[in-house]
Amino acid sequence: MPSNARKQNRGKRKRPEPPLGERRQTEQRNPASRNLDRMTAREIVKLMNREDRKVTIAVGRAIPAIARAVDAIVAGIRKGGRLFYVGAGSSGRMGVLDAAESPPTFGTSPKLVQALIAGGKRAVTGAVEGAEDSVRNAERELRERKVAHNDVVVGITASGTTPYVVGALKYARRHGAATVTITSNRQTPAARVAKIVIAAEVGPEVLTGSTRLKAGTAQKMVLNMLSTAVMVRLGHVYENLMIDVVQTNEKVAKRALRILAEASGKSVSAAEHALRAAGHNMRVALVMLKKEVAAREAKRRLKEARGDLRAALTE
């Protein structure tokens, strides 16, 4: 090669890529908060509020991927599969919270939506040193739950690099399960492993690297969308009412009566009478109220409709 050409090529050589931690948006410093320690309380919270507005926009850009994930989860559950959230630290706790809320809100089995957090139950309320670095633990925990092709594994990792989460996603793929990643960094190992990538890129945090902030808020928003949309599609909601809510306390018991009254157009006292006659089954009670039939007939209609409330009501 001529010497002039060699000189030109040398001049065009790319600079070496920075380490992954420097490339991840969630690890970069936010220019707006460089003087965070010199701000007043009002200035700090105003800045955080301004930064939080970016979260909704970032999640909005991920809506197509979120919808694909909903469809995948619904398809898996209809075939007998389950939904698993996998995460570490704050991300894992988000998964635990969403999984814990599903049974009382939608009347589902605790086995339908499960959460695995690096370090186990102790990690829900405190840090467990080194837990997020264990790929073996992730594989072992999914193996114990016999994860298979109809299941869906959702890895939650703001950084996109957490070994526990990446290991779980790889194990899930090897065993034919559908895989989803919720992250704030697109070009990362977790994003490359998963079939569906939900990347809400919220940018650098006000407190550098503290992904419990904007990234955590984005995770919560995405999980709200996933679980709610999935349960609506599976028929656990009538109109926009929690028809399968579990009546675990007095407050929820009163809510159940209001739901039945609102859905049927009947009085609260009529709803109370129907609910008692239905053995506190809200679906049966609603059919009784709307079709003006006895509990036995309401149960028969629901059975013939295979639990489809709209079909049982011929709506």
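This is a predicted model: local features need pLDDT of at least 70, side-chain atom pairs count only at pLDDT 80 or more; totals for chains, interfaces and linings use all residues.

The partner of Lys-254 is Glu-250, and the two side chains form a salt bridge at 3.3 Å, N to O. Glu-250 counts as exposed, at 57% relative accessibility. Both residues sit in helix 11, which covers residues 250-264, and they are 4 residues apart, about one turn of the helix.

Arg-140 has a relative accessibility of 34%, so Arg-140 is classed as partly exposed.

Glu-139 pairs with Arg-174, and the closest N and O atoms are 3.4 Å apart. Glu-139 belongs to helix 7, residues 135-144, while Arg-174 belongs to helix 8, so this pair ties together parts that are 35 residues apart in sequence. Arg-174 is exposed, at 54%.

Gly-167 is in helix 8, which runs over residues 163-174. Gly-167 counts as buried because its relative accessibility is 4%, and the limit for buried is under 20%. What does Gly-167 touch, apart from its neighbours within four places in sequence? The contacts are Val-135, Ala-138 and Glu-139. From Gly-167 to Glu-139 the C-alpha distance is 6.6 Å, although the two are 28 residues apart in sequence.

Next, Thr-105, which is in helix 5, residues 89-106. Thr-105 counts as buried, at 18% relative accessibility. Setting aside neighbours within four places in sequence, Thr-105 is in contact with Met-242, Asp-244 and Val-245.

Back to charges. The structure holds 16 salt bridges. Some of the charged residues form a network: Glu-297, Arg-300, Arg-301 and Glu-304 are linked by salt bridges. Elsewhere, Arg-42, Lys-46, Arg-50 and Arg-53 gather in a surface patch of positive charge. One of them, Arg-50, lies in helix 3, residues 41-61, and Arg-50 is partly exposed, at 45% relative accessibility. For the protein as a whole there are 57 positive and 29 negative side chains, and the centres of the two sets are 6 Å apart.

Last, the overall numbers. The protein has 15 helices and 5 strands. Its C-alpha trace spans about 95 × 50 × 40 Å along the principal axes. Of its 315 residues, 45% count as buried. The accessible surface is about 17,300 Å², and carbon and sulfur atoms account for 50% of that. How many of the contacts between residues at least 6 apart in sequence join residues at least 24 apart? The figure is 65%.

Key: Residues are numbered from 1 along each chain as its sequence is written. Side-chain values use heavy atoms; hydrogens and water are left out. Helices (H or I, at least four residues) and strands (E, at least two) are DSSP runs, numbered from the N terminus. Buried means under 20% relative accessible area, exposed over 50%, partly exposed in between (1.4 Å probe, protein chains only). Contact means heavy atoms within 4.5 Å. Patches are made of residues with over 30% relative accessible area and no salt bridge: like charges are joined within 9 Å, nonpolar side chains (Val, Leu, Ile, Met, Phe, Trp, Tyr) within 5 Å. Accessible areas come from the Shrake-Rupley method with a 1.4 Å probe; for residues, only the protein chains shown count as cover. A salt bridge is a side-chain nitrogen of Lys or Arg within 4 Å of a carboxyl oxygen of Asp or Glu. Lys and Arg count as positive and Asp and Glu as negative; His and the chain ends are not counted. The place of a charge is taken as NZ of Lys, CZ of Arg, CG of Asp or CD of Glu.
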